[in-house]
Structures are given as C-alpha cells and as structure tokens.
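I will go through it one piece at a time and write down what I look up.

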Amino acid sequence: GWRSRAAFKLIELDDKFGLIRPGMRVVDLGAAPGGWAQVLVKRGAAKVVGVDLLPVDPVPGAEIIQGDFTDPDMGNTLTAMLGGKADLVVSDMAPNTTGHGPTDHIRIIGLTEEALHFAFEILAEGGGFVAKVFQGGSEKAMLDTLKQAFSLVRHAKPPASRKDSSELYVVATGFRPKRLPV
Ligand code: SAM
C-alpha cells in the first residue's frame, strides 16, 4: 500500500500530465513518509533521490536522506547522490504552518523558490518541475520565472487534495536551460 494520502496526489497529477516516464531520474523534496517515492519507483523511475527533515523508512529503489533542503550544501549532496542531471524535480515540502494564512503563504513560496532554483541547476533540457504552493496571490514573480524557463506551466488541484485546503500544485514541463547569446 501507499504510505501516505499524498501518494494519490502524485498519481493524479501523473495521470493528468504524464510526468513520470520509465528510466527517469527524479529528485523528491520533502519525501517523508515516502509515498511519492513509492509512486515514482512503481511508475518506472530509474533513479529516485530525496530528502526530508524527518527520517524515512527505506523505500526500495529510492535513496532518501534526512536533512534540511535549505542547508547550503544540500543541493550538492543531492546532485552527487543522483550522479548527473535530473529529468524531474518534485517538491511536496510544506513548512510547519503558523495558522496565519499570509505568513504561511510567504513561507511556502520561499521554500518553493529555493526548490525551483535547485531545479534550474539540476534539470536536464526538457525536464519537469512539480511543487506544492498555496493559493494566496503573491506567487506571481515565481510564475513569471517559471514561464521563462519552461515551455508549459500549469496549476492543478488533484482530487485527493482536500477541498478545504488552499494547497495546489504548479506543474512546469519542457525545461529550457539558459543559453549564452550567440
Ligand atoms: N510527498 C510525501 C509523501 O507522499 O509521503 C509527503 C510530504 S509532506 C506533505 C511534507 C514534508 O516536507 C514533511 O515531511 C516535512 O518534513 C518536509 N519538509 C518541510 N520543510 C522541509 C525542508 N526544509 N527540508 C526537507 N524537508 C522539509
């Protein structure tokens, strides 16, 4: 069985957008308790590396370490674990909520922006980025950045995401690495 209700969200996003392809190399940010990693492996990802603040029981086929994604060295650590470029970076990270909507919104956007900058470093051309965000309106700058770097940027609220939560996912595909002008 799946370890988390969150697993169904990735299943639904993948069914809708065709994100996971056999042989793919994936980074899973905020991986505990391991549901998304299970889905990634089950759907044929060849290599899955991940990180979470919390320990994660081993997921066969994935390598998940305990740590803080925002640590300055974490990007290098994950890149070394993957051993090359990634085809997909997924982030289900959510900071602990304060209950104050605007504060929570700013915090998750900050975390998602960090995930995006990491994705810029590690993604192969054509790669994808999926991240949890919350409806709140201050994410326009991030959306503009996404639209410049990916050929297609969409939002989705998977059915498994509770209707009373403002959570939704940004799904960006077709990464275009920046090229020097010729
Ligand atoms: N996708 C996971 C699954 O299917 O099992 C569920 C992820 S859960 C909704 C969000 C996770 O983000 C939590 O386990 C939390 O510890 C993690 N998280 C939040 N901030 C983090 C950070 N700075 N570094 C690493 N993990 C973080």
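Predicted model: local features only at pLDDT ≥ 70, side-chain atom pairs only at ≥ 80, totals over all residues.

**Entry 1**

I begin with strand 1 (residues 25-29) and strand 4 (residues 86-91), which run parallel and are joined by four bridges. I look up Val26 and find its bridge partner in strand 4, Leu88.

**Entry 2: the sheet as a whole**

How many strands form the sheet, and in what order? I note seven strands in an open sheet, ordered 3-2-1-4-5-7-6. The pairing is mixed. Strand 3 (62-66) and strand 6 (150-156) are the edge strands, and each of them pairs on one side only. From one strand to the next, the twist averages 15°.

**Entry 3: the antiparallel pairs**

I turn to strand 7 and its partners. Strand 5 pairs with strand 7 in the antiparallel sense, over six bridges. Here I find Val133 opposite Leu168 of strand 7. Strand 6 also runs antiparallel to strand 7, and six bridges join the two. For Ala156, I find that the bridge partner in strand 7 is Tyr169.

**Entry 4: helices on the sheet**

Which strands does helix 4 lie across? I list strand 1, strand 4 and strand 5. Helix 4 runs at about 170° to strand 5.

**Entry 5: helix 1 against helix 2**

I remember that two packed helices are described by the angle between their axes and the distance between the axes. I look up both values for helix 1 and helix 2. Their axes come within 7 Å and cross at roughly 40°. Why do I call helix 1 oblique to helix 2? The crossing angle is roughly 40°, and angles under 35 degrees would count as roughly parallel, so helix 1 is oblique to helix 2. The crossing is right-handed. From helix 1, the contact uses Ala6, Ala7, Leu10 and Ile11. From helix 2, I write down Gly35, Trp36, Gln38 and Val39. I sort this contact by class and get six nonpolar residues, two polar and no charged ones.

**Entry 6: helix 4 against helix 5**

Next I take helix 4 (residues 101-122) and helix 5 (residues 140-149). Their axes come within 11 Å and cross at roughly 15°. Angles under 35 degrees count as roughly parallel, so helix 4 is roughly parallel to helix 5. Is the crossing left-handed or right-handed? I record a left-handed crossing for helix 4 and helix 5. Helix 4 brings Ile109, Thr112, Glu113, Leu116 and Phe120 to the contact. Helix 5 brings Met142, Thr145 and Ala149. The residues of this contact divide into five nonpolar, two polar and one charged.

**Entry 7: a cis peptide bond**

I know that most peptide bonds are trans. I look up the bond that joins Ala32 and Pro33, and it is cis, with omega about 5°. Where is Pro33? I find Pro33 in the loop between strand 1 and helix 2.

**Entry 8: around the ligand**

Last, I look at the ligand. There are 22 residues around the ligand, and Ala6, Gly30, Gly35, Phe69 and Asp92 come nearest. Which elements give two or more residues to this shell? I write down helix 1 (6-17), helix 2 (35-42) and strand 2 (47-52). By class, the shell holds 13 nonpolar residues, five polar and four charged.

Note on methods. Residues numbered from 1 in each chain as written. Near = placed C-beta within 6 Å. Nonpolar A, V, L, I, M, F, W, Y, C, P; charged D, E, K, R; others polar. Axes fitted to C-alpha atoms, helices over the stretch in contact; angles between N-to-C directions. Parallel < 35°, antiparallel > 145°, perpendicular 65-115°, else oblique. Left-handed = near helix turned anticlockwise from the far one by under 90°. Contact = placed C-beta atoms within 7 Å. Pairing = 2+ DSSP bridges.
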